[in-house]
Amino acid sequence: MYLIALTIYRIAHRLSRWHVPLLPNLLDGLLVLLFNTTIRHTAEIGKTTVIAHRGMSVGIHAHARIGERCFIGIHVVVGGRAQDVGPPVIEDDVFIGINAVVLCSRVGKGAIIGAGAIVLEDVPPGGVVAG
């Protein structure tokens, strides 16, 4: 049951890849209505990535790339900043705690981002960020 938002995202993402018109955007809207979550079908999220608590109140950049085996807590924002070039990239095996705001370009493999952290600089592989 905890994968409901990601399941809707995956359906919308697949429909978009098949060039089905309108339906992916409707499913994006359904995510907002049901879960207060913004996960656009244009983002790329690994098949084994998990978003906690059915994906409630999560915001993910429309062109973000999130790797495999990542955990994203509730109330997390994965976005970009105007001066950064390109969408945010979250590599494999990353843990992002609840209420974290990730506004950097890259989070390295195996990094841990603590609850409530505000991340403005890139995180190296295996790095730990808190506060």
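1. Glu91 comes out as partly exposed, at 24% relative accessibility. For the cut-offs: buried is under 20% relative accessible area, exposed is over 50%, and partly exposed is in between, using a 1.4 Å probe and protein chains only.

2. Some housekeeping before going on. This is a predicted model, where local features need pLDDT of at least 70 and side-chain atom pairs count only at pLDDT 80 or more, while totals for chains, interfaces and linings use all residues. Residues are numbered from 1 along each chain as its sequence is written, and side-chain values use heavy atoms, with hydrogens and water left out.

3. Back to Glu91: its side chain meets that of Arg106 in a salt bridge, 2.8 Å from N to O. The two sit in distant parts of the chain, 15 residues apart, with Arg106 in strand S11 (residues 106-107) and Glu91 in the loop between S8 and S9. Arg106 is partly exposed as well, at 36% relative accessibility. The salt-bridge rule here is a side-chain nitrogen of Lys or Arg within 4 Å of a carboxyl oxygen of Asp or Glu. Helices (H or I, at least four residues) and strands (E, at least two) are DSSP runs, numbered from the N terminus.

4. How many salt bridges are there by this rule? The count comes to four. One of them pairs Asp92 with Arg69, at 3.9 Å from N to O. Asp92 is in the loop between strand S8 (89-90) and strand S9 (95-96), and Arg69 is in the loop between strand S5 (65-66) and strand S6 (71-72), so this pair ties together parts that are 23 residues apart in sequence. Asp92 is partly exposed, with a relative accessible area of 26%.

5. Arg69 also forms a salt bridge with Asp93, and here the closest N and O atoms are 2.7 Å apart. Asp93 belongs to the loop between S8 and S9 and Arg69 to the loop between S5 and S6, so the pair ties together parts that are 24 residues apart in sequence. Asp93 is partly exposed at 30%, and so is Arg69 at 46%. Shared partners join Arg69, Asp92 and Asp93 into one network of salt bridges.

6. On to helix H2 (residues 23-35). Its 13 residues reach 18 Å from the first C-alpha to the last, close to the 18 Å expected at 1.5 Å a residue; the expected span is 1.5 Å times one less than the number of residues. Asn36 follows H2 and has a positive phi, near 55 degrees.

7. Which residues of H2 are buried? They are Pro24, Leu27, Asp28, Leu31 and Phe35. These cover an arc of only 105 degrees around the axis, which puts them on the same side of H2; the arc is that of the directions from the helix axis to the C-beta atoms. An α-helix has 3.6 residues a turn, so residues three or four places apart point the same way. The buried residues pack against H1 and strand S1 (38-39), whereas the face turned away carries exposed Leu26 and Leu33.

8. Finally, the cysteines. A disulfide needs a pair of cysteine sulfur atoms within 2.5 Å, and a search of the whole structure finds zero. For Cys70, the nearest cysteine sulfur is that of Cys104, 13 Å away. Cys70 is buried at 3% relative accessibility, and Cys104 is buried at 2%.

Methods
Contact = heavy atoms within 4.5 Å.
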